[in-house]
Amino acid sequence: MMTRRLLQLLIGLAMYGVSLAMFIRAGLGLDPWDVFHQGLASKSGLSIGTVVVIVSFLVLLLWIPLRQWPGFGTLSNAVLVGVFADVGLALIPEFSHLGGQIGMLAGAVLLNGIASACYIGARLGPGARDGLMTGLARRTGWSVRTSRTGIELVVLGAGWLLGGSVGVGTAVYALAIGPLVQLLLPRFTVPEPKAPKLQTTSEQMPGGASEDPDALPATA
C-alpha cells in the first residue's frame with residue numbers, strides 16, 4: 001500500500017508540474033498562484049520552476065503560526081512541482097494559433113485535475129498552498145471556501161501587478177478544477193488499511209465458549 005501511495009504521489013506531482021508548463025505554453029492565462037509565480041519569475045529573471053520552489057518554502061514558513069506540520073508529500077510537492085514545470089517548458093513548444101492554444105489549455109486543465117486527485121489521494125500531506133488554506137480556516141474559523149478565495153484573490157492581484165498572465169484560462173481553471181477534482185478524487189484516494197477484527201465477548205458462545213468449533217474449551 002505504501003509503495004502505491006509513494007508512486008501515486010510522485011506521478012501526481014510530475015503531472016502537476018507538466019500541467020503548469022502546458023498552461024504557460026497555451027498563453028491564455030494561468031491559475032491565481034501561477035499568475036503570481038510567473039510575475040515573480042519575470043521580475044527576478046529566475047525560471048518559473050525555481051520561483052515555484054522558493055514560494056513553496058516561503059509559504060511553509062506561514063504554517064508555523066498556524067501550527068501546521070508538513071508531511072512527506074508536502075515537502076515533495078514543494079520541490080518536485082517546480083522541477084517538472086521547468087522540464088515541461090523545455091519539452092513543450094509554444095503555440096501561435098488559437099486552435100492549438102485552446103487544445104493545450106483544455107489538456108492542462110484535465111491533467112491538472114488528474115494530478116491533484118493523485119497527490120491528494122495518496123494521503124501523504126497537503127501541498128504548501130493547500131495547507132495554508134486549511135490552516136487559516138481552522139485558526140480563524142472562516143470557511144475553507146472563504147479562506148481559499150481570499151488567498152487566491154491576493155496572489156492573483158499581486159501576480160497581475162507583477163506582469164503575470166491573466167486571461168480566459170484563469171476563469172476556465174477557476175470554474176473547472178473544483179468539479180473535476182471532486183469527480184476524480186474518489187477514484188484515486190488510497191483507502192485506509194482495515195484494522196484486524198478482534199473477537200469480543202459478545203461474539204462468544206454462552207458460557208464463555210468460542211464460536212470457533214475447533215477451539216479448546218476453557219479450563220479452570
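This is a quick tour of one protein chain, from its overall make-up down to a few individual residues.

The model is predicted, so local features need pLDDT of at least 70, side-chain atom pairs count only at pLDDT 80 or more, and totals for chains, interfaces and linings use all residues. Residues are numbered from 1 along each chain as its sequence is written, and side-chain values use heavy atoms, with hydrogens and water left out.

**The whole chain**

Let's start with the secondary structure: it comes to eight helices and zero strands. Here helices (H or I, at least four residues) and strands (E, at least two) are DSSP runs, numbered from the N terminus. Of the 220 residues in the chain, 41% are buried. Buried means under 20% relative accessible area, exposed means over 50%, and partly exposed is in between (1.4 Å probe, protein chains only).

The chain exposes about 12300 Å², and carbon and sulfur atoms supply 68% of that. Those areas come from the Shrake-Rupley method with a 1.4 Å probe; for residues, only the protein chains shown count as cover. As for contacts (heavy atoms within 4.5 Å), take those between residues at least 6 apart in sequence: 79% of them join residues at least 24 apart.

**Helix α1 and the residue after it**

Helix α1 covers residues 2–26, which is 25 residues. From its first C-alpha to its last it reaches 36 Å, close to the 36 Å expected at 1.5 Å a residue. That expected span is 1.5 Å times one less than the number of residues in the helix. Just after α1 comes Gly-27, with a positive phi of about 70°.

**Two salt bridges**

Side chains of opposite charge can pair when their charged atoms come close. A salt bridge is a side-chain nitrogen of Lys or Arg within 4 Å of a carboxyl oxygen of Asp or Glu, and by this rule the count comes to two.

| Salt bridge | N to O distance |
|---|---|
| Arg-25 and Glu-94 | 3.6 Å |
| Arg-148 and Glu-152 | 3.1 Å |

In the pair of Arg-25 and Glu-94, Arg-25 lies in helix α1 and Glu-94 in the loop between α4 and α5 (98–121), so the pair ties together parts that are 69 residues apart in sequence. Arg-25 counts as buried at 18% relative accessibility, whereas Glu-94 is exposed at 64%.

Arg-148 and Glu-152 both sit in helix α7 (residues 144–161), four residues apart, or about one turn of the helix. Arg-148 is partly exposed, at 34% relative accessibility.

**Helix α4, inside and out**

Helix α4 runs over residues 72–91, and Thr-74 is found in it. Thr-74 is buried because its relative accessible area is 0%. Leaving aside neighbours within four places in sequence, Thr-74 is in contact with several residues, among them Leu-60, Trp-63 and Pro-126.

Leu-75 belongs to a nonpolar surface patch with Phe-57, Val-79, Val-83, Val-87 and Leu-91, and together they have about 510 Å² of accessible area. α4 gives the most to this patch, with five residues. Patches are made of residues with over 30% relative accessible area and no salt bridge; like charges are joined within 9 Å, and nonpolar side chains (Val, Leu, Ile, Met, Phe, Trp, Tyr) within 5 Å.

Last stop: Asn-112 lies in helix α5 and counts as buried at 2% relative accessibility. Not counting residues up to four places away in sequence, Asn-112 touches Tyr-16, Ser-19, Phe-23, Tyr-173 and Ile-177.
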